[in-house]
Amino acid sequence: MKNKIKDELIKEKTGLKGENDVQFMLRFLPTDDHYHHRNPRISCTDSHFEIDNLMMYGMQFLAVEVKNWYGTIFFDGDKQVIRRDDHGVDTGMLNPIPQVKLQMHRLRLLLNKMNLPHIPLHYFVVFSSPKTIIKPLYPENPVPKEVIHANQVFFKINELLQQNLPPVLDMDTIAKISERLIEEHTPKKVDVLDKFGIKPGELICGVFCQACGAAPMKRGYGKWHCPTCYHVSKNAHLAALNDYLLLVNDEITNAEARVFLKLDSADIVKKLLQKEYVSYGANRNRKYGLKVKY
């Protein structure tokens with residue numbers, strides 16, 4: 001599965017870069033006249049919906065949905081979307097217009113539950129890569145005006161703001177909505193091992209050297225020693241336990257830590273865990289709650 005996982009990682013990193021490119025453009029907007037939420041994930045009608053960027057102004061709410069698609073994208077209005085890659089291969093894609101419209105509908109349901117005045121909801125679908133070509137599938141059916149490149153997003157939002165629409169909500173009310181979104185936000189949990197069909201026992205255990213990447217490092221005299229490049233570290237085990245947190249579980253027992261860190265001494269593992277993490281339970285049932293450490 002290594003190649004598949006590496007491909008997935010490249011996609012995730014590319015997508016993150018695209019989102020950051022859009023954030024760069026959004027930073028030029030004034031910050032004192034709106035609230036901006038990145039990736040709020042809200043429960044609605046027995047499921048969750050997520051908005052890449054939600055910008056809440058007194059006169060309107062605006063969603064900015066980011067797409068990191070490459071190649072040439074052909075739009076048939078809000079119907080068919082086809083992506084043509086560099087090799088001329090066409091692939092049918094889900095049209096992002098109905099997707100973001102549904103997000104706005106579900107956001108409206110939430111706002112209605114809060115008994116708020118009706119506020120206009122707008123959206124843009126933003127392609128983050130300047131190399132992406134956007135074309136109409138048929139000449140008589142142009143690309144939706146809401147579909148833009150990242151370098152246009154600042155100017156398009158400014159055009160909306162310059163319409164001088166009357167405010168529907170004051171900033172105190174928007175602040176309360178913002179607090180509600182924070183309360184309602186439910187981060188998406190992904191079981192990475194299950195996603196790729198990998199069993200915990202297939203993971204390479206041990207503490208990896210931060211200098212050369214070799215594993216396992218050896219523990220001695222209160223430090224970790226790399227037998228390959230001779231790098232020495234006091235806290236190299238924290239990176240390994242971060243991996244365990246992200247890949248396996250957010251809690252760990254002494255026995256599980258000994259296996260994952262490749263340490264034989266229960267006393268040494270106990271000291272390492274007690275120094276960084278909160279424990280609960282007693283004796284063999286004691287577990288340590290993991291959290292990201294750097």
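A salt bridge is counted here when a side-chain nitrogen of Lys or Arg lies within 4 Å of a carboxyl oxygen of Asp or Glu. The model is predicted: local features need pLDDT of at least 70, side-chain atom pairs count only at pLDDT 80 or more, and totals for chains, interfaces and linings use all residues. Residues are numbered from 1 along each chain as its sequence is written, and side-chain values use heavy atoms, with hydrogens and water left out.

**Stop 1: salt bridges**

Select Arg180 and Glu184, whose side chains form a salt bridge with an N to O distance of 2.9 Å. Both residues belong to helix 4, four residues apart, about one turn of the helix. Helices (H or I, at least four residues) and strands (E, at least two) are DSSP runs, numbered from the N terminus. Arg180 is partly exposed at 22% relative accessible area, and Glu184 is partly exposed at 24%. In these terms, buried means under 20% relative accessible area, exposed over 50%, and partly exposed in between (1.4 Å probe, protein chains only).

Asp21 is partly exposed at 31%, whereas Lys17 is exposed at 52%.

Then select Glu251 and Lys287, a salt bridge with its closest N and O atoms 3.2 Å apart. Glu251 lies in strand 15 (residues 251-253) and Lys287 in strand 17 (residues 287-289), so this pair ties together parts that are 36 residues apart in sequence. The whole structure holds nine salt bridges.

**Stop 2: Arg106**

Select Arg106 in helix 2. This residue is buried yet has no salt bridge; Asp46, the nearest side chain of opposite charge, is 8.7 Å away. For charge, Lys and Arg count as positive and Asp and Glu as negative, while His and the chain ends are not counted. What lies 2.7 Å from a polar atom of the Arg106 side chain? It is the backbone oxygen of Cys44. Beyond its neighbours within four places in sequence, Arg106 is in contact (heavy atoms within 4.5 Å) with Cys44, Thr45, Ser47, His48 and Phe49.

**Stop 3: the nonpolar cores**

A nonpolar core is a set of buried Ala, Val, Leu, Ile, Met, Phe, Trp, Tyr and Cys residues joined through side-chain atoms within 4.5 Å. Select Phe61, Leu107 and Leu111, which touch the most other members of the largest core, a set of 29 residues. Elements that each supply at least two residues include strand 5 (61-67), helix 2 (96-113) and helix 4 (171-184). Helix 2 gives the most, with six residues. Residues that Phe61 touches include Leu54, Met56, Leu107, Leu111 and Ile177. A second, separate core has 24 residues, among them Trp224, Ile252, Phe260 and Tyr277.

**Stop 4: aromatic pairs**

Rings of Phe, Tyr and Trp (its six-membered ring) pair if their centres lie within 6.5 Å; planes under 30 degrees apart count as stacked, over 60 as edge-to-face and the rest as tilted. There are six aromatic pairs in the structure. Select Phe24 and Phe28, an edge-to-face pair with 5.2 Å between centres and 90° between planes. Phe75 and Phe127 have ring centres 6.2 Å apart and planes at 85°, so this pair is edge-to-face. Phe75 is in strand 6 and Phe127 in strand 9, so the pair ties together parts that are 52 residues apart in sequence. Phe75 is buried at 0% relative accessibility, and Phe127 is buried at 0%. Finally, display Phe24, Phe28, Phe154 and Phe155, which ring pairs link into a cluster.

Note on methods
A polar contact is a pair of N or O atoms within 3.5 Å; within protein, one must be able to donate a hydrogen and the other to accept it, and residues adjacent in sequence count only if both atoms are side-chain atoms.
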